[in-house]
Structures are given as structure tokens and as C-alpha cells.
Amino acid sequence: MSGTTIVAPTATETIVQQPGRDLLTLLSCHPFPINTERILVFTDRAQISDAEIAAINPALLPGSGAGDGLPGYRTEPGPAKWLEQPAGRWFLANYPAALAGLALIAALGVWMVVIRTRRRARADDD
């Protein structure tokens with residue numbers, strides 16, 4: 001970790017690229033639960049060799065086959081084939097049902113507003 005700082009939510013100028021540094025900035029609301037400020041945590045990317053990765057967990061090495069078949073896990077560069085994974089197929093299969101459900105909820109909301117308006121109009125007439 002390179003450092004931390006607390007800033008106003010509008011202080012976007014504090015998150016900038018720094019030439020010559022491979023810097024990661026994590027942003028979170030602060031203080032909990034008030035969230036009137038933002039805390040920034042800065043860290044430089046650690047360079048780690050394949051030998052060090054193998055000492056920690058050999059399954060993390062590229063080409064180990066450890067993540068083959070997992071949604072979103074890719075062993076070679078290129079576009080993700082998320083639609084070919086079970087999660088992608090589930091999304092496509094259930095998308096029309098989700099839209100129909102949202103349309104039904106919207107229609108019920110409109111219907112309730114119309115009923116309430118008519119009841120108020122009748123009450124005003126009495």
C-alpha cells in the first residue's frame with residue numbers, strides 16, 4: 001500500500017494516472033455509515049514471477065487448466081465467450097421473462113394510480 005487520503009466526493013482530480021507508475025486506486029465511502037467523504041487507498045502493482053505464483057498456488061498459473069469451464073475464466077487472450085457459458089445462456093433464456101415481469105409491475109402501478117385518482121374524485125364529489 002502506497003498511501004491513503006480522505007477527500008470530498010467531488011474531488012475527482014485526485015484520481016489521475018501517474019506517469020511511470022502502475023498504480024491502483026481503491027475508492028470507498030467514508031466514514032461509515034455517514035458517507036460524506038471518500039477514502040482513497042493507493043497501491044503499486046507488485047511484480048510477481050511464475051515461480052512465486054507456483055510456490056503460492058500452482059493452479060493460478062496460466063495454462064494450468066484449473067479454471068477451465070468456469071464462467072468468465074479465460075486461459076488465452078481474446079474476447080470472453082460468456083454467452084457459451086451456463087450463466088450466459090441463463091441470462092438469455094430469462095431476459096424475456098424479466099422484461100414481462102417489469103411490464104406487469106409497471107402496469108399494476110399505473111392501474112393503482114388510476115384507481116386512487118378515481119376514488120379521490122368521487123370523494124370530492126360527495
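Predicted model: local features only at pLDDT ≥ 70, side-chain atom pairs only at ≥ 80, totals over all residues.
## Sheet, loops and a surface patch: a conversation

Mentor: Welcome! I15 touches T25, L27 and L40, leaving aside residues up to four places away in sequence.

Trainee: Happy to start there. Where does I15 lie, and is I15 buried, partly exposed or exposed?

Mentor: I15 sits in the loop between strand 1 (3-7) and strand 2 (23-30). Its relative accessibility is 43%. Buried means under 20% and exposed means over 50%, with partly exposed in between, so I15 counts as partly exposed.

Trainee: How far apart are I15 and L40 in space, C-alpha to C-alpha?

Mentor: Let's take the sequence first: I15 and L40 are 25 residues apart along the chain. L40 is also among the residues that I15 touches, together with T25 and L27. From C-alpha to C-alpha, the distance between I15 and L40 is 8.5 Å.

Trainee: L40 keeps coming up. Which residue in strand 3 is the bridge partner of L27?

Mentor: Strand 2 and strand 3 pair in the antiparallel sense over eight bridges. Within that pairing, L26 stands opposite V41 in strand 3. For L27, the bridge partner in strand 3 is L40.

Trainee: And which residue stands opposite L40 on the strand 1 side?

Mentor: Strand 1 and strand 3 also pair in the antiparallel sense, over five bridges. The residue that stands opposite L40 in strand 3 is T5.

Trainee: Putting these pairings together, what is the strand order of the sheet, and which are the edge strands?

Mentor: The sheet is open, has three strands and pairs them in the antiparallel sense, in the order 1-3-2. The edge strands each pair on one side only, and they are strand 1 and strand 2.

Trainee: How many degrees does the twist average from one strand to the next?

Mentor: Keep the order 1-3-2 of this open sheet in mind. From one strand to the next, the twist averages 20°.

Trainee: Is N35 buried or partly exposed?

Mentor: Its relative accessibility is 32%. Buried would need under 20%, so N35 counts as partly exposed.

Trainee: One last topic, helix 2. Which residues form the nonpolar patch on the surface with L102?

Mentor: L102 lies in helix 2 (residues 86-125). With a relative accessible area of 55%, L102 is exposed. The patch has about 430 Å² of accessible area together, and L102 forms this patch with Y95, L99 and I105.

Terms used. Residues numbered from 1 in each chain as written. Heavy atoms only, no water. Patch = residues over 30% accessible without salt bridge, like charges linked within 9 Å, V, L, I, M, F, W, Y side chains within 5 Å. Areas by Shrake-Rupley, 256 points an atom, 1.4 Å probe, with all protein chains shown as cover. Salt bridge = Lys/Arg side-chain N within 4 Å of Asp/Glu carboxyl O. Helix = DSSP H or I, 4+ residues; strand = E, 2+ residues; numbered from the N terminus. Buried < 20%, exposed > 50% of the residue type's maximum accessible area, 1.4 Å probe, protein only. Contact = heavy atoms within 4.5 Å. Pairing = 2+ DSSP bridges. Axes fitted to C-alpha atoms, helices over the stretch in contact; angles between N-to-C directions.
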